[in-house]
Amino acid sequence: MYVVKTCATCTMDLRLLFVTAIVFTVAVSMKRQAYFNRTAYLPCPFTKAQNISLSELVVFWQDRNKLVLYEHYLGTEKPDNVNAKYRGRTSFDGETWALRLHNVQIKDMGSYDCFIQRKTPTGSIILQQTETELSVIANFSKPEIELAQNITRHSGINLTCSSKQGYPKPKKMYFRITNSTNEYGDNMQISQDNVTELFSVSISLSRSFPDGVNNMTIECILETESITISSKPYNIAPPGHQHPQKNRIEIVLAVVFVVIFILMFFILAKKYYKKQNQANRPRRTTSALEPESSAGNESINLEEFESQIASAKPNAE
């Protein structure tokens with residue numbers, strides 16, 4: 001037996017209510033899911049939509065508290081009949097006969113009814129009712145592991161892990177060491193925002209560093225009703241025992257740095273010595289002076305030759 005509901009602009013007497021109850025015998029039930037701050041779709045599939053125009057119908061949605069989300073009255077929207085909680089948050093898709101509820105919040109979860117009525121000379125007849133159960137989810141942030149205290153061989157491991165802004169309430173959260181199936185973690189703390197109603201969760205881990213182990217990799221796991229989220233692997237090691245792979249990377253980087261430094265040193269040294277050699281090299285005389293110098297040398301040689309001839313003449317006589 002379904003309770004018949006009417007729109008804000010429709011009136012019925014008991015006689016019409018009885019007739020309506022006879023005509024309306026089946027309701028359609030559906031389930032829909034929406035993401036927090038996204039858009040939800042509240043369907044109202046009308047099987048007789050091809051034969052009846054919207055101008056002949058009254059279509060409206062209301063929530064479980066009988067608050068009207070949207071009303072389409074004989075081809076015209078009636079925003080004045082919409083409750084302030086939903087005003088400006090809905091839009092109607094005339095092709096799919098679905099109502100879009102925008103900016104969905106956690107408090108929007110619940111059941112919604114769509115009614116399709118047809119106006120007749122004697123009143124209104126409900127042709128169809130669709131009930132939609134809406135659930136809202138919000139994805140938790142990726143769990144993050146933080147070091148609560150510097151690790152020493154004596155102090156042991158002190159870590160925290162947290163994840164924020166999710167819904168529904170998480171089932172459990174724990175640490176897991178690589179190559180181990182054991183779950184670690186103490187005192188899971190869950191808090192809920194008073195405005196958004198979203199959950200945040202955190203756990204802590206305090207245990208001694210295993211003997212004979214130089215390093216280990218830890219993950220933080222968050223489980224909800226529908227998904228499991230893992231943190232990035234977190235490598236930890238006591239002082240003096242670094243991860244072998246990290247050591248190799250540091251060695252390679254050091255070698256590359258030294259090679260680059262040596263190459264730069266030789267390049268700069270070569271440029272410096274080349275510049276010094278150019279500065280110390282003697283300057284050459286111009287080509288214009290060279291002929292004069294050679295001409296002077298030639299004149300000097302001729303004079304010496306003439307003097308030698310003059311001195312030789314008396315001897316000949």
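Phe92 counts as buried, at 14% relative accessibility. Buried here means under 20% relative accessible area, exposed over 50%, and partly exposed in between, with a 1.4 Å probe and protein chains only. The model is predicted: local features need pLDDT of at least 70, side-chain atom pairs count only at pLDDT 80 or more, and totals for chains, interfaces and linings use all residues. Residues are numbered from 1 along each chain as its sequence is written, and side-chain values use heavy atoms, with hydrogens and water left out.

**Aromatic pairs**

The structure holds 8 aromatic pairs. Rings of Phe, Tyr and Trp (its six-membered ring) pair if their centres lie within 6.5 Å; planes under 30 degrees apart count as stacked, over 60 as edge-to-face, and the rest as tilted. Phe46 and Trp97 form a tilted pair, 5.3 Å centre to centre with 50° between the planes. This pair links distant parts of the chain, 51 residues apart. Phe46 sits in the loop between strand E2 (40-43) and strand E3 (57-63), and Trp97 in the loop between strand E6 (90-93) and strand E7 (98-101). Strands (E, at least two residues) and helices (H or I, at least four) are DSSP runs, numbered from the N terminus. Phe46 is buried, with a relative accessible area of 9%. Trp97 is buried too, with 8%.

The ring centres of Tyr70 and Phe92 are 5.5 Å apart and the planes meet at 20°, so this pair is stacked. Tyr70 lies in strand E4 (residues 68-73) and Phe92 in strand E6, so the pair ties together parts 22 residues apart in sequence. Tyr70 is buried, at 5% relative accessibility. Phe46, Trp61, Tyr70, Phe92 and Trp97 form one aromatic cluster.

**Nonpolar cores**

A nonpolar core is a set of buried Ala, Val, Leu, Ile, Met, Phe, Trp, Tyr and Cys residues joined through side-chain atoms within 4.5 Å. The largest has 47 residues; Trp61, Leu69, Ile116, Phe175 and Ile218 touch the most other members. Leaving aside neighbours within four places in sequence, Ile218 is in contact with residues including Ile145, Leu159, Phe175, Leu205 and Tyr234. Contact means heavy atoms within 4.5 Å. Another core, of 5 residues, lies apart from the largest one; Val58, Phe60, Tyr73 and Ile126 are among them.

**Cavities**

The whole structure has 2 cavities of 30 Å³ or more. A cavity is a set of points on a 1 Å grid over the protein atoms alone where a 1.4 Å probe fits but cannot get out; lining residues have an atom within 4 Å of a point. Grid points are joined across faces, edges and corners, and a volume is the space filled by probe spheres set on the points. Ala, Val, Leu, Ile, Met, Phe, Trp, Tyr, Cys and Pro count as nonpolar, Asp, Glu, Lys and Arg as charged, and the others, Gly among them, as polar.

| Cavity | Volume | Lining by class |
|---|---|---|
| Largest | about 60 Å³ | 6 nonpolar, 3 polar, no charged |

Tyr167 and Pro168 are among the residues lining the largest cavity. A cis peptide bond joins Tyr167 and Pro168, with omega about 5°. Pro168 is in the loop between strand E11 (157-166) and strand E12 (172-177). The second largest cavity is lined by residues including Asp63, Arg64, Lys85 and Asp108.

**Backbone**

Lys66 is not a glycine, yet has a positive phi of about 70°. Lys66 lies in the loop between E3 and E4 and is partly exposed, at 48%.

Methods:
On a 1 Å grid over the protein atoms alone, a cavity is a set of points where a 1.4 Å probe fits but cannot get out, and a pocket is an open set with protein on both sides within 12 Å along at least five of seven lines; lining residues have an atom within 4 Å of a point.
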